Amino acid sequence: MEIIADLQIHSRYARATSNQISIDNLEKYAKIKGVNLLGTGDFQHPKWFEEINKNLTEDSNGILYTKNKFPFLWQTEVSLMYSQDGKRRAVHLLIFSPNTEISNKIIKYLGSKGRLDYDGRPIFGVSCIDIVKDLKEIDDKIEIIPAHCMTPFFGIFGSKSGFNSLADCFKDQVNKIYAIESGMSATPDMLWRFKENINIVSFSDAHSFWPWRLGREATIFDIPKLNYDNIIKAIRTGQGLKSTIETFAEYGKYHWDGHRNCNFSCSSEETKKLNGICPKCKKPLTVGVEYRVEEIAKEPQGYKPKNFIPFKTLLPLSELIAAFHGINQLYSKKVWETYNNLIKNFNSEFNILLDVDAEDLKKVVDEKLADLIIKNREGKLEVKPGYDGVYGELVYKKSEKQKKLI
């Protein structure tokens with residue numbers, strides 16, 4: 001049973017999220033995208049927890065279903081800010097729960113550490129060591145995964161407040177961490193070089209339900225039956241993890257080094273030549289993922305572990321359509337018209353991005369757009385790297401004029 005899962009989303013009660021996020025909208029656009037399992041997001045938030053229980057019904061295997069039988073899994077994300085080994089730390093963790101009973105116990109525990117009602121992704125002054133120890137004492141089936149592991153400010157390996165290894169972070173609890181989440185600015189081949197002997201998953205961290213956000217990164221499971229235990233077994237053992245869907249690493253907001261306010265970015269090699277100082281404002285650059293990978297890596301580029309799980313790099317379909325039309329707005333009428341026509345003919349975005357034959361695409365859309373979709377599938381797109389909170393740009397040449405999409 002193949003399942004494309006996006007297990008890192010947020011409710012409308014988290015900061016910087018769409019106020020139109022609802023269970024209905026998440027289900028609607030997940031189906032259009034081709035995602036067939038979602039995380040609930042933010043289940044500890046009182047108002048969102050109420051909506052989860054109002055709109056979803058839990059089965060005996062820990063999966064929550066809408067009235068249309070679309071599945072969700074109990075999931076939230078927390079932000080930990082604390083001091084360890086003489087340094088300020090900030091790490092985001094994903095938390096998965098096997099059922100309502102355990103979710104209530106997690107909520108009670110988190111409530112003892114701070115307020116739960118002010119943000120869908122709450123902040124706690126608790127260490128990664130303590131939260132893993134405490135949650136595992138509630139139930140070993142609770143799964144904890146470091147989110148967007150390479151981002152500078154809140155990734156476990158981030159340049160600003162992260163660690164050089166999982167053991168540095170989790171100490172004697174490290175054997176209870178089975179996977180890390182790659183995030184948009186990194187791909188598994190970067191993380192393999194750390195030799196952490198850890199599985200890699202990928203999810204969208206979606207702050208809205210639109211198809212250029214939801215499922216932009218996902219994990220493909222191949223399991224006998226959809227239930228919580230099988231999903232967690234795959235995450236822990238790798239058996240049942242078929243592949244991950246990643247954006248191009250350059251597309252992420254923190255791939256290169258730079259300063260957003262100075263409109264300056266550069267590669268890790270250039271940063272070294274600059275001694276880490278911005279040539280415009282003369283302050284230290286925000287060091288991105290590419291640079292940080294080289295700091296931590298134990299193996300050279302191209303290294304693959306024995307039992308590596310493959311991955312696919314894709315940009316969302318809306319990005320390709322907008323670039324083709326030379327439009328900067330993903331939600332423009334022209335983009336939606338082309339997008340909806342493709343969905344009408346081929347059922348879902350992932351089917352279009354991954355499987356539909358090029359000749360069939362050319363019967364529905366312009367040949368050059370069909371070619372762009374195939375190049376995306378083959379990982380042959382050019383992307384100008386993102387930096388310091390700025391998304392990367394797809395570089396698309398249509399005839400003689402170069403089009404760029406932000």
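**View 1. Glutamate 143 is a buried residue in this predicted model.** Its relative accessibility is 0%, where buried means under 20% relative accessible area, exposed over 50% and partly exposed in between, with a 1.4 Å probe and protein chains only. The side chains of glutamate 143 and arginine 236 meet in a salt bridge, N to O at 2.6 Å; the term stands for a side-chain nitrogen of Lys or Arg within 4 Å of a carboxyl oxygen of Asp or Glu. This pair connects distant parts of the chain, with glutamate 143 in strand β9 and arginine 236 in helix α7, 93 residues apart. Helices (H or I, at least four residues) and strands (E, at least two) are DSSP runs, numbered from the N terminus.

As a note for reading all the views, residues are numbered from 1 along each chain as its sequence is written. Because the model is predicted, local features need pLDDT of at least 70 and side-chain atom pairs pLDDT 80 or more, while totals for chains, interfaces and linings use all residues; side-chain values use heavy atoms, without hydrogens and water.

**View 2. Aspartate 140 also meets arginine 236 in a salt bridge.** Here the N to O distance is 3.5 Å. Aspartate 140 sits in the loop between α4 (128-138) and β9 (143-146), 96 residues from arginine 236 in helix α7 (residues 228-237). With 44% relative accessibility, aspartate 140 is partly exposed.

**View 3. Glutamate 349 and lysine 33 join their side chains in a salt bridge.** The N to O distance is 2.9 Å. Glutamate 349 belongs to helix α12 (residues 349-354) and lysine 33 to helix α1 (residues 23-33), so the pair ties together parts 316 residues apart in sequence. Both partners are buried: glutamate 349 has a relative accessible area of 0%, and lysine 33 has 1%. The model holds 22 salt bridges by this rule.

**View 4. Eight strands make up an open sheet with mixed pairing.** Their order is β3-β4-β5-β2-β1-β12-β13-β16, and two strands pair if DSSP finds at least two bridges between them. At the edges stand β3 (57-58) and β16 (311-313), each with a single partner strand, so one side of each has no neighbour in the sheet.

**View 5. Strands β1 and β2 run parallel.** Two bridges join β1 (residues 2-6) to β2 (residues 37-39). Look for alanine 5, which stands opposite leucine 37 in β2.
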